[in-house]
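Hi,

Could you take a look at the structure below when you have a moment?

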Amino acid sequence: MEGLTKAYPGVVANSDVSFRIRPGEVHALLGENGAGKSTLVKMIYGLVKPDSGWMSLRGQDYAPAEPSVARSLGVAMVFQHFSLFDALSVAENVALGMEAPPKLRELAARIRKVSQDYGLPLDPDRMVGDLSAGERQRVEIIRCLLQDPKLLIMDEPTSVLTPQEVDILFQTLRQLAREGTAILYISHKLEEIRSLCDEATILRRGKVVATCTPREKTARELAELMVGTVLTPPERSAKPKGDVALEVTGLSVASPIPFGTALKNVAFTVRKGEVLGIAGVAGNGQDELLLALNGELRTSPSAVKIAGVPVGAAGPIQRRKAGMVSAPEERLGHAAAPDMSLVENALLSGSVRKGLTKSGFIDWAGARRFAEGIVQQFDVRTPGTDVAARSLSGGNLQKFVVGRELSQAPTVIVINQPTWGVDASAAASIRQAIIDRAADGAAVVVISQDLDELLEIADSFAALNEGRLTAPRPTQGLTMDQIGLMMGGAHGMEVAHAEA
Amino acid sequence: MLRLEKRASPSRAWGMATPLLAVVLTMIAGGIMFAILGKNPVEAIRTIFWDPLFNPQFAAYSRPQLLVKAGPLILIAVGLSLGFRAGIWNIGAEGQYIVGAITGAAVGLAFYPTEAWFIFPLMVISGAIGGLLWAMIPAVLRTAFRTNEILVSLLLVYVAQSLLSSMALGALRNPQGGGFPGSRNLSQYPAAANPELIAGTGMHWGVVAAFIAVIFAYILLQRHMLGFSIRLAGQAPRAARYAGVSPTRLVILCLGISGALAGLAGLFEVSGPAGQISIDFASGYGFTAIIVAFLGRLNPVGILLAGLLMALTYIGGELAQFMLGLPAAAIQAFQGMLLFFLLAVDLLSNYRIRLGGAK
């Protein structure tokens, strides 16, 4: 493809982007959030039309009007977010994505065959709701493989996988490449790209800034190409830890979410000044753990204790009074009300600890000062504090939400996915802010799917697997293998590539 | 080609302008409808909107009617708007209005013919409690058994109407009424009457209560944490739980407040303009108030204006019926248009219209 440009009102998402992929090549598309990777692949997949430039596929002019055209020409895509129905079986889900699905029994046989050929074991009769995230991704991949694609696009495929599952996926992708399929691999995880990809195109602010062979560069060089500046990792404090600030014992609770994961006998303690990192593949009880900790989900009183005081049966307001703040993963709709202004959203969780109400009456001037303080301190890019939360970009809203919680002089901090969708420099400043609060004596629980992030900031490390939490271990000295096993290994799929 | 584009933030200017735009559009479309019916559209519109207030011939009668009709509409609509904002749909204000009238009137009639200052205040309290308890039925069923408050509150209207008939024919029937259905006339029993406070204005205690409710609701929504919780629960239920708002408490509170205000409206009506419990006492205020609440964009000040406008179209509509011979259905269609246009142009506060067909 040559000179592709796509402009949206206000931003140019892609400007004059050109690159080429040969059959059998694994090509990396590397860039921060907002660099224009998604827009680019949407153009290739026919979801968005380019404003200028042209593409060609195997020597033919290629301008797909819609995804079905792209699919019929041999372009397949595995999205970051799965589009599967929990209440249907694997085969039914695959059939739904096809233009002219064969009989279910025939399809099931083909699914079995493809899954064996590529070392991706999958039972076509199982309900998708019962599958792990790695297995769901397998459904999406097999759905693509059934079309016998010439070009396979993978959008951030490893964000939901354990290290062992990543290995299996990579073996499959390498096998596909050997058979001549071109693979466009989108990621911001540098080590993966170095181990998997033959070529890399690096995007920054919609432009190609470099093309390179990833194996010849260090991860650090790639990161600096991607971000454009020199990154400084956050500094950890070496202060001794204090008393136990948060104690969780025998926490078992059913999930309020359909097809959610119940928590089973979760137990851990966090000391003042300690950062506990909780890893785990998405959907293993992270959301439920956050709800149980911040009081949206009630349990028996002694299951959760803040500074020794049982709060398991108390609601969010009492827990905030006791010193706990929390930031859920879903920013819009859960951590913030989309249609309310930033001032109102500052009041949303700040009213208790910032004393923004007097006998129930709201101190709007105080709430405005609080909101303006967050915007300034955490570098939230917004025209003002009166705009609706939904008008902020994801990264900016994340900075606002995390800033709001960290600005409340908390003694216990619980954050799910603190830097999800935030660009690298903002992520670094959020991580630094979290570590600073810990250095001031706060106990911090960080739930994240980004292992690098956890290893960077956490003092101790535990993993959630199907609602169970492993015993926390000191982060220092942990190997990737040990972490992978804590996260549940590869769900019994290690043998898949034994003969390959 | 026209297409809609979502605004980054809801436009305040359009939020204020859309009700006015809706009224203008209704006048145009209504005028066309009246013209098709063979009436002079300008005259018809003038009869509906102008004559009730300023025509020297009718204004003396119809001008006081404006407040008499608007009072209960505003009082009920203010209560409903709180629940609507929180996503709690009390459709049964009519039932709460009837039950408030019955309990209030019953207290007054129990004291007949004693003359004492405390009787009317006592009736006011019991009217509010009657409406509140009637609203507690859907509230408790929803919080305890997760029933749908829309259905339960609506169906309880029909129960209340049967209760009203039974009261008018039985327990509350005037013993000196010669067997006719209907209670004693409360407006002729000074200790229990809700008279016109300033002659020729239609102002009675119910109208005073409506104004107080508007001010109270305005402060609640703008300045109080409870009002904030109500708005939050309506806009983002999960964020409300995160903020620590208890859904159960909110359901009880919102249905309780709207029920009590509807009950009050019923009591002021039965002791004033209506005068007695009769079979045909229920006049649909509880349902019309739903329209008023949305016409006023669930904003207390907006509801005040919408209540007055709605009352005006009722009075003007009646006037147009006997002055111009317009059919009653045409007047109802005209009122329906008002709601239709209001909901249609409401889109403009969240979206802007763009020309051009690009994706």
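Here is what I found, starting with how to read the model.

This is a predicted model, in which local features need pLDDT of at least 70, side-chain atom pairs count only at pLDDT 80 or more, and totals for chains, interfaces and linings use all residues. Residues are numbered from 1 along each chain as its sequence is written, while chains are lettered from A and ligands numbered from 1 in the order in which they are written.

**Confidence**

For the complex, the predictor gives an ipTM of 0.82 and a pTM of 0.77. Chain B has a mean pLDDT of 90, with 98% of its residues at 70 or more; pLDDT is the predictor's confidence in each residue, from 0 to 100. Within chain B, the lowest confidence is in strand β1 (residues 2-6), with a mean of 75, and the highest is in helix α6 (residues 119-145), at 96. Helices (H or I, at least four residues) and strands (E, at least two) are DSSP runs, numbered from the N terminus.

**Chain A as a whole**

Chain A has 16 helices and 23 strands. Its radius of gyration is 24 Å, close to the 23 Å that the globule rule gives for 500 residues, so chain A is as compact as a globular protein of that length. (The radius is taken over C-alpha atoms, and the rule is 2.2 Å times the number of residues to the power 0.38.) The C-alpha trace of chain A spans about 70 × 45 × 40 Å along its principal axes. Of the 500 residues in chain A, 48% are buried. Buried means that 20 or more other C-beta atoms lie within 10 Å of the residue's own, exposed means 12 or fewer, and partly exposed is in between, with C-beta atoms placed from the backbone.

**Where the chains meet**

How many residues of chain A are in contact with chain B? There are 25, and they touch 19 residues of chain B; a contact means C-beta atoms, placed from the backbone, within 7 Å. On the chain A side, α10 (316-321), α11 (342-350) and β18 (361-362) each give two or more residues. The largest share, 3 residues, comes from α11(A). By class, the chain A side has 14 nonpolar, 8 polar and 3 charged residues. Here Ala, Val, Leu, Ile, Met, Phe, Trp, Tyr, Cys and Pro count as nonpolar, Asp, Glu, Lys and Arg as charged, and the others, Gly among them, as polar.

**A helix pair in chain B**

The axes of α8 (residues 205-223) and α11 (residues 247-271) of chain B come within 9 Å and cross at roughly 160°, so α8(B) and α11(B) are roughly antiparallel. Axes are lines fitted to C-alpha atoms, for helices over the stretch in contact, and angles run from 0 to 180 degrees between N-to-C directions; under 35 counts as roughly parallel, over 145 as roughly antiparallel, 65 to 115 as roughly perpendicular and the rest as oblique. Residues making this contact include B:W205 and B:A209 of α8(B) and B:L261 and B:F268 of α11(B).

Most residues other than glycine have a negative phi, and most peptide bonds are trans. A:D379 is not a glycine, yet has a positive phi of about 55°. A:D379 is in the loop between α12 (364-377) and α13 (394-406) of chain A. In chain B, a cis peptide bond joins B:Y112 and B:P113, with omega about 0°.

Cheers

Note on methods:
Two residues are in contact if their C-beta atoms, placed from the backbone, lie within 7 Å.
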